[in-house]
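Biologist: Hey, could you walk me through this one? I'd like to start with one of the helices.

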Amino acid sequence: MKLLFSCFIIILLSSQNLLAQDSIAVKNDSTNSISTPKLLPDKSYQFSYKKLIIPVAFISYGVATLKFDKLKQLNFSTRDEINEHKPDHIRLDNYTQFAPAALVYGLNAFGVEGKHNFRDRSIIYGTSVLLASAIVMPTKHLVKEERPDQSNRLSFPSGHTAFAFASAQFMYREYKDTNFWLGVSGYSLAVFTGVYRMLNDKHWFSDVVAGAGIGILSTEAAYWLYPKINNLLSGKNKNSSVMMMPFYQNKTAGIGLVKKF
């Protein structure tokens, strides 16, 4: 299991490093160019197939596991290995799923600024949480996969892991251009969340992998949708303001919206 999650992290970091190098390359070209005085457009909100590779691969693996018995064997062998060590069941995963996003707000409060201000990042993160919820909740009720502890049939995909990786991807996108290693640090908390969903006997390995894919995809979609949502919320009144904050209470996630005209 440790080997699987080590590979999991290496794939994530390698892909993010590659995207970061592309971003740096564009910046260097614009700096060294003498004949083109215009600044290159910000590509943060542009759709890119590259950004879909990892989340689609993770989600596809999770879906395939539902159909193919050979892939399901990895779920059972992982659970058997966990049960051999008889780990203590702790509930830190209820909090670490949102820890990377909380760090973004905390770091900004202490002067370590990310890409967006409070309002804009709240819109982006709120959209990400909303999208992840809109994918996870209906899928659980459609698939009806039984949890490892047999408590209910809402195992696939892992909602905790989806929110954790949505938060981690949000942290990465906010800090990747200014502090790459700070940006990727959120993934350690996301992986911790996924691992403990299995240690607590709440999810299979495939549930966690699919949840990670959904979380990453939700945040990437949120950044792509941000300009459109921002224009919609801003409207024609330049004096209007919007506050958008995600919330989590009594195992329910949502978004609070206040608009001042």
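This is a predicted model: local features need pLDDT of at least 70, side-chain atom pairs count only at pLDDT 80 or more; totals for chains, interfaces and linings use all residues.

Biologist: Nice. What sits at the start of H6?

Modeller: Asparagine 117. A side-chain oxygen of asparagine 117 comes to within 3.3 Å of the backbone nitrogen of arginine 119.

Biologist: And just after H6, which residue takes a positive phi?

Modeller: That's lysine 144, with a phi of about 55°. There's a positive phi after H5 too: glycine 111 follows that helix, and its phi is near 95°.

Biologist: OK, so how do the axes of H5 and H6 cross?

Modeller: H5 covers residues 99-109 and H6 covers 118-143. Their axes come within 12 Å and cross at roughly 180°. Angles over 145 degrees count as roughly antiparallel, so that's what H5 and H6 are to each other.

Biologist: Why give both an angle and a distance?

Modeller: Because that's how two packed helices are described: by the angle between their axes and the distance between the axes.

Biologist: Which residues meet there?

Modeller: From H5 you have Ala101, Val104, Tyr105 and Asn108, and they meet Phe118, Arg121, Ser122 and Tyr125 of H6. The residues in that contact divide into five nonpolar, two polar and one charged.

Biologist: The numbers jump by three or four a lot. What's behind that?

Modeller: An α-helix has 3.6 residues a turn, so residues three or four places apart point the same way.

Biologist: Which residues in H5 are buried?

Modeller: Ala99, Pro100, Ala101, Val104, Tyr105, Leu107 and Asn108. Ala101, Val104, Tyr105 and Asn108 are also among the residues that meet H6.

Biologist: Switching topic: where is glutamine 97?

Modeller: In the loop between H4, which is 93-96, and H5.

Biologist: Is glutamine 97 buried or exposed?

Modeller: Buried. Its relative accessibility is 1%, and anything under 20% counts as buried. A polar atom of its side chain lies 3.0 Å from the backbone oxygen of asparagine 94.

Biologist: Zooming out, how many helices and strands are in the protein?

Modeller: Ten helices and two strands. Of the 261 residues, 43% count as buried.

Biologist: And what about contacts between residues at least 6 apart in sequence?

Modeller: Among those, 74% join residues at least 24 apart.

Key
Residues are numbered from 1 along each chain as its sequence is written. Side-chain values use heavy atoms; hydrogens and water are left out. Axes are lines fitted to C-alpha atoms, for helices over the stretch in contact, and angles run from 0 to 180 degrees between N-to-C directions. Helices (H or I, at least four residues) and strands (E, at least two) are DSSP runs, numbered from the N terminus. Angles under 35 degrees count as roughly parallel, over 145 as roughly antiparallel, 65 to 115 as roughly perpendicular and the rest as oblique. Contact means heavy atoms within 4.5 Å. Ala, Val, Leu, Ile, Met, Phe, Trp, Tyr, Cys and Pro count as nonpolar, Asp, Glu, Lys and Arg as charged, and the others, Gly among them, as polar. A polar contact is a pair of N or O atoms within 3.5 Å; within protein, one must be able to donate a hydrogen and the other to accept it, and residues adjacent in sequence count only if both atoms are side-chain atoms. Buried means under 20% relative accessible area, exposed over 50%, partly exposed in between (1.4 Å probe, protein chains only).
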